[in-house]
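The stops below are meant to be selected one after another.

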Amino acid sequence: MKNARLGLSVGLIALALGFSACQKNNSTSATSGSSTLGVRIQAFNKNFSLPVSSVGLKSASIANDSMKWDSARMIVSTLKFEASLKKLKSHRDSISVSYIWNGPQEINLLDSNITVGNFSLQPGFYDEIELRVDGLKGDAGTKPVFYLHGIYSKSDTAKIPVVVRVNESVMFKTEKDSVEITAADPVFSSVIQLYLDQLMFDIQLSALNKATLTNGILVISANSNKEIYRIIMHNLAMNHHCRHFRGHMMNEMH
């Protein structure tokens, strides 16, 4: 795990260990004392009915045709945090901050305990927050950048193994307007949530049932069942949900 710290002072832009910041609007220095930002990337809704509706994506349940993912992995190359930092007592002055964590690291998206990056945040009011995740093909080696394995259970009781294999670079992000961090917040965490049912939004049962099988496996990749792959890649690149929390307070990012 790589850590980095960002130092800020009046009229000075300090660059340290992969972090960068630029001053604007004549801001004064940030309040002393910092909080640790840890970021997790986690897959949700492993089991869900098919087809996936645009309504109620977070409350999926098994009924008739269904999908159950038992493996979800991703190569994370970089994690970037961008925001405008404003002073706690006055929001008129601000500093644009950009934190970068560099991997690569292979993440088990079904493990809720893996933290990708630890950043040191100064207390203040963070506006226009964006978290961006990049998985680069060049960092994956012989492994897929993004990988899913599971079972497609049909209403006629047939069960078909399914593999989603992405061998190209992947990028997605999440955004929020404002977050306040005080000196009393020693730990600030964000969980980027990939809803696996949402990745299959707009895929019809007819497409799955007509899909080409490779040795009995429904392989979805750039070279196999390309139209289904195109839809999944489109959904993966959308802005995802994220929950961030400090202490017992939790808010949702969209």
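The tour goes from the whole chain to single residues.

**Whole chain.** Begin with everything selected. This is a predicted model, and the protein chain holds three helices and 17 strands. Of its 254 residues, 46% are buried. Among contacts with a separation of 6 or more, 73% are between residues 24 or more positions apart.

**Confidence.** Colour by pLDDT next. The average for the protein chain is 79, and 76% of the residues score at least 70. Select residues 1-32, where the pLDDT is below 50; beyond near neighbours in sequence, this stretch has 78 contacts in the model. Then select residues 247-254, where the pLDDT is also below 50 and the corresponding contacts number 26. Where pLDDT is low, predicted coordinates should not be read in detail.

**The core.** Which residues have the most contacts inside the largest nonpolar core? Select Phe81, Tyr126 and Phe146: they have the most contacts within this core of 62 residues. Strand β7 (residues 66-86) supplies its largest share, 10 residues. Now centre on Phe81 and show what surrounds this residue. Beyond neighbours within four places in sequence, the contacts of Phe81 include Val97, Tyr99, Phe119, Leu121, Tyr126 and Leu131.

Select strands β11 (residues 146-153) and β12 (residues 159-166). They run antiparallel and are joined by eight bridges. Tyr152 stands opposite Ile160 in β12. Five residues lie between the two strands of this hairpin, and Thr157 has a positive phi near 80 degrees.

**Two cis peptide bonds.** Go to Leu50 and Pro51, which are joined by a cis peptide bond with omega about -5 degrees. Pro51 sits in the loop between β6 (47-49) and β7. Move on to Gly103 and Pro104, where the peptide bond is cis with omega near 5 degrees. Pro104 is in strand β8 (residues 94-108).

**Two asparagines.** Finish with Asn45, found in the loop between β5 (35-44) and β6. Its phi is near 55 degrees, a positive value in a residue other than glycine. Is Asn45 buried or exposed? Asn45 counts as buried because its relative accessibility is 18%, under the 20% cut-off. Last, select Asn225 in the loop between β15 and α3 (226-236). Phi of Asn225 is near 50 degrees, again positive, and at 15% relative accessibility Asn225 counts as buried.

Key:
Residues numbered from 1 in each chain as written. Predicted model: local features only at pLDDT ≥ 70, side-chain atom pairs only at ≥ 80, totals over all residues. Heavy atoms only, no water. Pairing = 2+ DSSP bridges. Helix = DSSP H or I, 4+ residues; strand = E, 2+ residues; numbered from the N terminus. Buried < 20%, exposed > 50% of the residue type's maximum accessible area, 1.4 Å probe, protein only. Contact = heavy atoms within 4.5 Å. pLDDT = per-residue confidence, 0-100. Core = buried A, V, L, I, M, F, W, Y, C linked by side-chain atoms within 4.5 Å.
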